[in-house]
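Hi everyone, thanks for coming.

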Amino acid sequence: MALEVVSQSRCFNGTQFVYRHASSETGTPMRFAAYLPPQATEGKVPVVWFLSGLTCTEENFTVKAGAQRVASELGLILIAPDTSPRGEGVPDDPEGAYDLGLGAGFYVDATQAPWAKNYRMRSYIERELPALVGAELPADMTRQGITGHSMGGHGALTIALRNPGRFAAVSAFAPIASPMNCPWGEKALSAYLGSDRSAWRDYDACALIEDGARLPGILVDQGSADGFLETQLKPRLLEEACARAGIPLILRMQEGYDHSYFFIATFIEDHLRWHADRLRNVKA
């Protein structure tokens with residue numbers, strides 16, 4: 001088996017695993033969490049990917065979101081990858097900032113030094129890890145959904161938009177809606193991809209939609225008390241882009257909620273049920 005078991009724990013009659021494997025894309029060991037519901041002992045079940053945000057690892061969602069109970073009921077595998085390569089020699093922000101380098105891969109394939117060798121999170125999430133999950137776990141890869149939080153919400157939206165037809169359900173929690181138009185995104189994309197802003201468009205949900213990418217529908221939850229709402233997240237840009245393109249977007253502004261995992265834990269059940277309804281209707 002290509003996967004090394006780091007840990008496993010019984011959870012809601014299923015099993016929460018953390019795996020490690022050698023990644024050819026990043027050139028490093030990579031970890032990811034996988035919750036296998038009890039239904040997975042009988043055969044292949046649908047998969048929902050959760051992409052985490054800045055500073056996170058696979059542990060944040062696994063420990064804080066409280067998603068396993070609902071996934072057990074619905075028969076969903078939950079896959080939570082790490083947010084960047086890690087290990088000896090992997091570059092990090094020289095000033096120690098949290099929004100570039102380790103924990104801040106932004107789900108891009110970097111083209112600029114010193115990032116290009118290891119920071120290949122787009123190819124890792126789009127190709128390498130799905131192939132590994134499909135080969136090694138009881139995952140029905142014809143029925144996939146994807147979601148994520150903040151930087152991971154950006155990742156979920158852009159990956160789904162670049163891979164039409166792969167995901168039957170797409171949602172996000174407080175996504176960075178347009179990295180080309182916020183400080184986090186401008187810093188990361190210029191470092192990883194260089195100064196040519198045309199190269200950034202593949203990593204901006206609003207730009208991808210403007211350039212013709214489409215999805216059958218998107219669910220987004222956003223807290224009204226989120227401190228990053230106006231400066232970094234800008235959900236209205238996504239709302240405007242979807243309206244122009246005719247993409248059905250459910251944008252729910254949740255009064256009083258912030259950017260934390262308390263917000264995610266409150267609404268994760270809604271998202272998983274939304275995903276399960278759509279995955280149930282996928283025809284083999």
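This is a predicted model: local features need pLDDT of at least 70, side-chain atom pairs count only at pLDDT 80 or more; totals for chains, interfaces and linings use all residues.

Residues are numbered from 1 along each chain as its sequence is written, and side-chain values use heavy atoms, with hydrogens and water left out.

Okay, on to helix H9. Side chains of opposite charge can pair when their charged atoms come close. When I say salt bridge, I mean a side-chain nitrogen of Lys or Arg within 4 Å of a carboxyl oxygen of Asp or Glu. Count them that way and you get 21 salt bridges.

Take Arg273 and Glu269: their closest N and O atoms sit 3.0 Å apart in a salt bridge. Both belong to helix H9, and being 4 residues apart there puts about one helical turn between them.

Glu269 also has a salt bridge with Arg69, with 2.9 Å between the closest N and O atoms. Here Glu269 is in helix H9 (residues 261-280) and Arg69 in helix H2 (residues 68-74), so the pair ties together parts that are 200 residues apart in sequence.

How accessible are these residues? I'll say buried for under 20% relative accessible area, exposed for over 50%, and partly exposed in between, using a 1.4 Å probe and protein chains only. Glu269 is partly exposed at 26%, Arg273 is partly exposed at 29%, and Arg69 is partly exposed at 40%.

Arg280 is exposed at 53%, and Asp277 is partly exposed at 39%. There's also a network: salt bridges with shared partners join Glu25, Asp109, Arg120 and Arg127.

Last stop, the backbone. Which residues other than glycine have a positive phi? Phe12 does, near 50 degrees, in the loop between strands E1 (4-11) and E2 (14-22). Ser150 does too, near 60 degrees, in the loop between strand E6 (139-148) and helix H4 (151-162). Phe12 is partly exposed at 46%, whereas Ser150 is buried at 3%.

And finally, Ala113 and Pro114 are joined by a cis peptide bond, with omega about 0 degrees. Look for Pro114 in the loop between strand E5 (77-81) and helix H3 (121-136).

Conventions
Helices (H or I, at least four residues) and strands (E, at least two) are DSSP runs, numbered from the N terminus.
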